[in-house]
Amino acid sequence: MLNTEIVIVGGGPAGLSAALKASQLGAEVTLVDRNDYLGGQLIKQTHRFFGSKQQRASERGIDIARQLASEVKNCEKIKIMTEATALGYYEDGVLLVQQHNKIIPLKPQRLIIATGGAEKSLLFPNNDLPGVYGAGAVQTLVNVYGVKPGNKVLMVGAGNIGVIVSYQLLQAGIEVVGIIEAAPRIGAYWVHAAKVVRAGVPIYTRYTIKRAIGEKEVTGATIVQLDDNWQPIPGTEKDVATDVICLAVGLTPLTELLWQAGCKMVYVPQLGGHVPLRNENLETSVPGIYVAGDVAGIEEASAAMMEGALAGLNAAASLDYSSENLASDRQNIMDQLTGLRSGPVGEKIRQGLTQVIF
Amino acid sequence: MLAQNGIPTPEDIAEVLPPAERLAKGPVAIAECFQNIPCDPCYHSCKQGAIKEFTDINQRPQIDFDKCNGCGSCMSRCPGLAIFVVDATFSEQEALVKIPYEFLPIPQVGETVTAINRAGQAVGEARVVKVQNSKVQDRTAVVWLAVAKDLMMEVRHFKTKEVR
């Protein structure tokens, strides 16, 4: 049994920021991630980030990942466990981790869950054909492994992920035949949308995919227009030739550990699904368990980093670690988060958050 | 319109263009940023103090066209690649349009490329006058295109003839 002060599950933007802040206050941290690298989804995000200077705006996700990971690796107070899967959290406060075919029990005084989100899928005939991918998989193939998923891509979903991944596919020299979006409006930032449209990718709002075409693999897709009630309009079907159908239809929080730990959960569509109730310190209904990042509600990487920092500070502070600047640091992060969420595009998040704070 | 198809309308564009008198004086930045999103690197990038300070991070950039000298430092800091510089005084027949560019191959000076508008359509040809791609720009090159004067508010992208 490994007794440790703070265990963080998830080495993405939230988990890394949490580890850094907690260790800066003096706490001993164990960071657990199932991948063989740190950085989470950041390692495939080649585009520049939005946000403010303090949140590393205009820097690229890949560079932020590299920098955060190297800071964490250079920190003596942080023990890193990669290729380590958190299997479960039990009543006696033990977190079981599987690493290299060994089961390792950890007994943390504080636990920060920063497991992120999982991609949603879409139901349509033939969606099991090879060539139907989630956007995350396409991004991993192209930006991490340098592998083309195919030659012609139909993107489903015009949120930030669908539009950004389309842009990255173009950068990799892959044709994107179009982006379809069931909603009447583009969900992505319009500057991103404008960027792919002028590079030759049409965006069709109020369109969905009816079926994938193909015998052994995707050779095309039938798309169809939707009416005001999101119902297909008969006769508007169009066949599109494509060998990749890429689904970018949203994320949902990856909450299994929280359910198992008995955290009170609530269904909040604006945050992507079931999320834990938490107080202003990001502590859940189970004392000592904190959350940060997409597992607490689907947002952007900048918000995840801020939340991670806050959870790290608060978890360490609850173990009586402190610094001269603790109060102002905490306030500064909270102000930045408020700023990030303050505009019209943050409205959904604000609505969601009112339902989860206790 | 933008929210439906990603293409700004002529009205959207008219709202952010510098006045004709200013265009007649030389290069100037145009921020084609039409949405209130939490983002402010353009303000921090401008050494001329031409981009007004954001009192709220969700504000859209406001350029003081008299202070802007068209240097283009803001162009490669904008995560949306939404800032362009136009120089209407380049020559009798041609104007210069500076375009942020993140595709390969990066064109060569002197090369002729296909000029593309905001809807992704080819609208003519353009000549590459200069390519800025320094370390500071961090992989967002700025390509200077000479285009026919009547196209200077149309051309916002280009395609090279050679595709890798």
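Glu307(A) lies in helix α7 of chain A, which spans residues 301-318; helices here are DSSP runs of H or I with at least four residues, strands are DSSP runs of E with at least two, and both are numbered from the N terminus. The model is predicted, so local features need pLDDT of at least 70 and side-chain atom pairs count only at pLDDT 80 or more, whereas totals for chains, interfaces and linings use all residues. Residues are numbered from 1 along each chain as its sequence is written, chains are lettered from A and ligands numbered from 1 in the order in which they are written, and side-chain values use heavy atoms, with hydrogens and water left out.

Glu307(A) is buried, since its relative accessible area is 5%. Buried denotes under 20% relative accessible area, exposed over 50%, and partly exposed the range in between, for a 1.4 Å probe and protein chains only. When neighbours within four places in sequence are set aside, Glu307(A) is in contact with Leu282(A), Ala292(A), Gly293(A), Ala296(A), Glu299(A), Leu337(A) and Arg341(A), where contact means heavy atoms within 4.5 Å.

Helix α5(A) is largely enclosed by the rest of the structure, because nine of its nine residues are buried. Among them are Trp190(A), His192(A), Lys195(A) and Arg198(A). Gly200(A) follows α5(A) and has a positive phi, near 105 degrees. The loop between α5 (190-198) and β11 (203-205) of chain A contains Pro202(A). With a relative accessibility of 26%, Pro202(A) counts as partly exposed. Not counting residues up to four places away in sequence, Pro202(A) touches Val177(A), Gly178(A) and Ile179(A). The C-alpha atoms of Pro202(A) and Gln270(A) are 27 Å apart in space, and the two residues are 68 residues apart in sequence.

Helices α3 (residues 135-144) and α4 (residues 160-171) of chain A pack at an angle of about 25 degrees, and their axes are 10 Å apart. Axes are lines fitted to C-alpha atoms, for helices over the stretch in contact, and angles run from 0 to 180 degrees between N-to-C directions. The angle makes α3(A) roughly parallel to α4(A); this description applies under 35 degrees, with roughly antiparallel over 145, roughly perpendicular from 65 to 115, and oblique for the rest. The contact involves Ala135(A), Val138(A), Gln139(A), Val142(A) and Asn143(A) of α3(A), together with Ile161(A), Val165(A), Gln168(A) and Leu169(A) of α4(A).

Strands β12, β13 and β14 of chain A form, in that order, an open sheet of three strands with antiparallel pairing; two strands pair if DSSP finds at least two bridges between them. Because β12 and β14 of chain A stand at the edges with a single partner strand each, one side of each is left without a neighbour in the sheet. From one strand to the next, the twist averages 30 degrees. Strand β13(A), residues 220-225, is mostly covered, with five of its six residues buried.

Six bridges join β12(A), residues 207-213, to β13(A), and four join β13(A) to β14(A), residues 238-241. Thr222(A) in β13(A) is the bridge partner of Arg211(A), and Thr222(A) also stands opposite Asp239(A) in β14(A). Gly220(A) has Ala241(A) of β14(A) as its bridge partner. Six residues lie between the strands in the hairpin of β12(A) and β13(A), where Gly214(A) takes a positive phi near 150 degrees.
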